[in-house]
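Hi,

Here is the structure I promised to pass on. Have a look at it first, and my notes follow below.

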Amino acid sequence: MAEADRDDLISIIDEEDKTTEIPTTLPLLPVRDVVIFTDMLLPLFVGREKSVRAVEEAVGGPGFVFLATQKDAAIENPSTDEIYRTGTVGRVLRILKLPDGRVKVLVQGVAKGTISKFMRKRAPYRVKIDLLPEPPVEEKVTLEVEALMRNVREQSEKILALRGELTNDVTSILQNVDDPGKLGDLVASNLRLKIDESQALLEILDPVERLKRVNDVLSRELELSAMQAKIQSEVKDEISKSQRDYYLREQVRAIYKELGEHDDRSIEIEEYEKKIKKAKMPKEANTEALKQLKRLDQMHPDSAESTVIRSYLDWLVELPWSKSTQDVIDIRKARELLDREHYGLSSVKDRILEYLSVRKLNPRMKGPILCFVGPPGVGKTSLGKAIASAVRRKFVRISLGGIRDEAEIRGHRRTYIGSLPGRILQSMKQSGANNPVFMMDEIDKLGSDFRGDPSSALLEALDPEQNAAFSDHYLNLPFDLSRVMFILTANITDTIPMALLDRMELIHLSGYTEEEKLQIARTHLIPRQVRENGLKPKQITFSDGALRQIIGEYTSEAGVRNLEREIGNLCRKAARRIAEGRRKPAHVSRQTLPKYLGAPKFIPEMDQEENQIGLATGLAWTQVGGEVLYVEASLIRGKGDLIVTGQLGEVMQESARAAVTYARAYVRDAKGKRQNFDTTDVHIHVPAGAIPKDGPSAGIAMATALVSAMTGRPILNDVAMTGEVTLRGRVLPIGGLKEKALGALRAGIHTVLIPQKNVKDLADMPHLVKRKLKFVSVKSMDEVLAQAMVRPRGKRR
């Protein structure tokens with residue numbers, strides 16, 4: 001391709017006749033962004049290899065090349081249909097090879113022509129052309145043509161004058177061109193026309209007709225240039241007017257001052273002074289506010305900087321520097337409120353009441369940093385609201401899930417357009433007090449990227465030793481957060497950075513038992529859903545059996561969120577019945593439940609009809625509570641390899657290897673002879689295969705399944721186990737026992753084997769769980785196998 005350097009575009013009118021004969025077959029050089037007229041002299045930058053070859057072919061021949069414009073400048077490889085047929089024969093005057101591989105060619109338009117045939121169909125094209133000679137012009141120019149030429153000259157000079165490009169040389173060139181066709185080409189080549197308009201002018205052969213068309217285009221261009229010059233003039237006038245208004249406004253202020261009156265600007269400054277005084281800021285903040293107010297007073301009121309200062313002052317005066325709510329601490333009433341709002345959660349309530357008791361004895365104590373950790377739906381967020389109600393403080397909440405920008409926490413600096421303080425100070429302003437209950441939800445969902453690490457920005461805010469002087473990038477002033485009671489929530493602690501986790505006091509909220517869910521449904525969920533769906537308490541009733549069935553077969557969760565959703569579904573169906581005119585109250589029982597909610601969604605997983613060989617029941621902890629985990633083991637003929645499936649993590653795979661080693665050693669000792677495992681592969685599978693799993697707590701379940709598969713002894717189907725196994729068969733402690741026990745209870749397990757060192761955790765186990773589950777402590781695999789496997793006939797456990 002060839003691109004024209006429009007800045008170097010020059011038109012030359014040569015009065016001498018061209019006696020050089022032009023061949024009828026020439027190489028074609030497609031050009032873009034420019035239409036070349038006769039007598040034009042301009043440099044072309046040729047970049048494509050095929051176009052460079054076309055230029056070299058022209059230089060090696062008679063020195064001519066046919067210049068035709070491509071219809072779409074964006075196309076890199078135009079086909080024959082994408083090139084205009086009418087173009088200009090150009091003489092190659094000079095060629096210069098550039099360091100980047102391109103070629104700079106100086107060409108001059110010689111004559112018009114049209115492509116009659118493409119002699120070469122592939123680039124570089126070679127074309128056969130027919131020259132298009134212009135009709136001769138009468139020797140004596142008529143009066144009409146003379147007037148037309150004068151009009152074209154005058155309009156051209158006006159346009160150039162508006163652009164600031166009119167010089168004596170240009171005026172001389174325009175005046176010396178007497179041929180109407182050459183004058184039209186000269187003016188057209190220097191107009192900023194679209195490609196299709198320039199091509200249309202090139203294709204007009206009659207010089208007078210072409211000049212008339214150029215005259216029409218000049219009239220339009222003159223109007224556009226005049227409008228452009230008018231707009232530029234108005235902009236300059238507006239700038240001058242703004243400067244004049246500023247000086248006049250200053251004079252008006254001086255006059256008002258002499259008269260003892262106040263203008264709008266003075267009133268605004270006085271109002272800010274009153275607000276600053278009323279805000280009772282610390283000394284450092286007060287000094288900065290007065291400094292910025294002084295700057296505002298000296299600025300033009302309509303300047304961009306004055307708007308920034310106003311926003312800054314508005315934030316300073318609206319923040320609760322010294323405003324606080326009075327704590328009303330009544331421990332008994334607080335206990336009653338917490339019990340009324342939340343069922344269970346005794347350990348959490350005790351910690352909250354302890355804080356309130358200390359706060360009552362020592363009002364100047366620093367606010368605690370509590371972190372509620374537990375599965376979804378157990379009431380972490382609503383518990384924060386209940387705490388605020390108990391101490392009669394303001395409550396604010398922000399969600400940290402998905403935040404990746406540090407500026408969301410600390411704010412942007414005032415140098416950025418549209419900058420604001422971070423979410424912490426925004427929430428403090430929203431609360432209107434400097435001692436609210438501040439809840440930060442989903443702190444385990446924080447992210448980080450190139451914009452910074454939000455968790456690092458929280459370190460200062462959540463450190464009682466530092467948050468008395470929390471600094472936001474926007475304010476750039478210390479703000480006291482030491483009186484704020486921060487409450488954070490998380491589903492897991494693994495993703496929370498250690499430095500941030502060290503600043504919190506963790507309070508674990510486990511899932512609810514069936515009895516607790518039943519009580520929560522009766523006291524909280526049903527009344528709320530009845531009210532929200534426009535029903536009256538007598539219009540729908542629930543039996544205990546129906547609620548238990550909803551809990552066990554229509555939901556499978558540690559919390560009560562899905563339980564409330566199903567209750568709301570039943571209430572909506574009852575509302576529809578009443579809206580249709582049925583006045584009979586709806587009663588939900590075990591018999592009518594499938595009619596409203598359909599078939600059960602969750603069948604209890606204890607679906608084995610009898611005890612099975614190689615199938616052990618383990619327990620797992622997940623973000624949504626405890627779950628049962630089945631471990632299957634099978635022996636197949638092979639080369640002594642271990643096959644592990646079920647998307648197991650590295651730690652769990654290592655537990656499987658340890659379990660295999662123990663099981664092989666156990667079987668050899670039990671049989672009293674060496675058994676050959678070199679021809680037997682061991683396959684361990686942990687369903688479901690699509691769910692990733694990891695951790696060491698399934699070690700004893702794997703070892704039990706392997707021993708069962710190797711000895712042929714079945715495993716009791718109502719026994720679940722959790723614990724890490726060693727090569728010598730020792731059972732090591734695990735975590736999350738309470739959540740795992742609740743998962744076992746939901747799955748219909750009767751006996752749970754736990755490590756002996758986890759017996760201390762039974763103190764925090766709900767009484768209902770300890771009553772319905774039998775916990776057996778074990779310290780070795782011998783004890784596990786004795787409890788979990790079916791005894792041979794004739795032997796007692």
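To get you started: is Y125 buried or exposed? Keep in mind that this is a predicted model. With a relative accessibility of 8%, Y125 counts as buried. F118 counts as buried too, at 8% relative accessibility.

I also looked for aromatic pairs, and the whole structure has five of them. In one of these, the ring centres of F118 and Y125 lie 5.6 Å apart with the planes at 75°, and since an angle over 60 degrees counts as edge-to-face, so does this pair.

Next, a pair of helices. Helix 2 covers residues 143–163 and helix 4 covers residues 180–190; they pack at an angle of about 20°, and their axes are 11 Å apart. Angles under 35 degrees count as roughly parallel, so helix 2 and helix 4 are roughly parallel to each other. The crossing of helix 2 past helix 4 is left-handed. On the helix 2 side the contact involves V145, M149, V152, R153, S156 and R163, which meet P180, L183, V187 and N190 of helix 4. Sorted by type, the residues of this contact are six nonpolar, two polar and two charged.

Last, a loop residue. I496 sits in the loop between strand 14 (485–490) and helix 16 (498–501). Its relative accessible area is 4%, so I496 is buried. Apart from neighbours within four places in sequence, I496 has contacts with I443, D444, A490, L501 and M504. I443 is 53 residues away from I496 along the chain, yet their C-alpha atoms are 7.2 Å apart.

Cheers

Definitions and conventions
Residues are numbered from 1 along each chain as its sequence is written. This is a predicted model: local features need pLDDT of at least 70, side-chain atom pairs count only at pLDDT 80 or more; totals for chains, interfaces and linings use all residues. Side-chain values use heavy atoms; hydrogens and water are left out. Axes are lines fitted to C-alpha atoms, for helices over the stretch in contact, and angles run from 0 to 180 degrees between N-to-C directions. Helices (H or I, at least four residues) and strands (E, at least two) are DSSP runs, numbered from the N terminus. Angles under 35 degrees count as roughly parallel, over 145 as roughly antiparallel, 65 to 115 as roughly perpendicular and the rest as oblique. A crossing is left-handed if the near helix is turned anticlockwise from the far one by less than a right angle, and right-handed if clockwise. Contact means heavy atoms within 4.5 Å. Ala, Val, Leu, Ile, Met, Phe, Trp, Tyr, Cys and Pro count as nonpolar, Asp, Glu, Lys and Arg as charged, and the others, Gly among them, as polar. Buried means under 20% relative accessible area, exposed over 50%, partly exposed in between (1.4 Å probe, protein chains only). Rings of Phe, Tyr and Trp (its six-membered ring) pair if their centres lie within 6.5 Å; planes under 30 degrees apart count as stacked, over 60 as edge-to-face and the rest as tilted.
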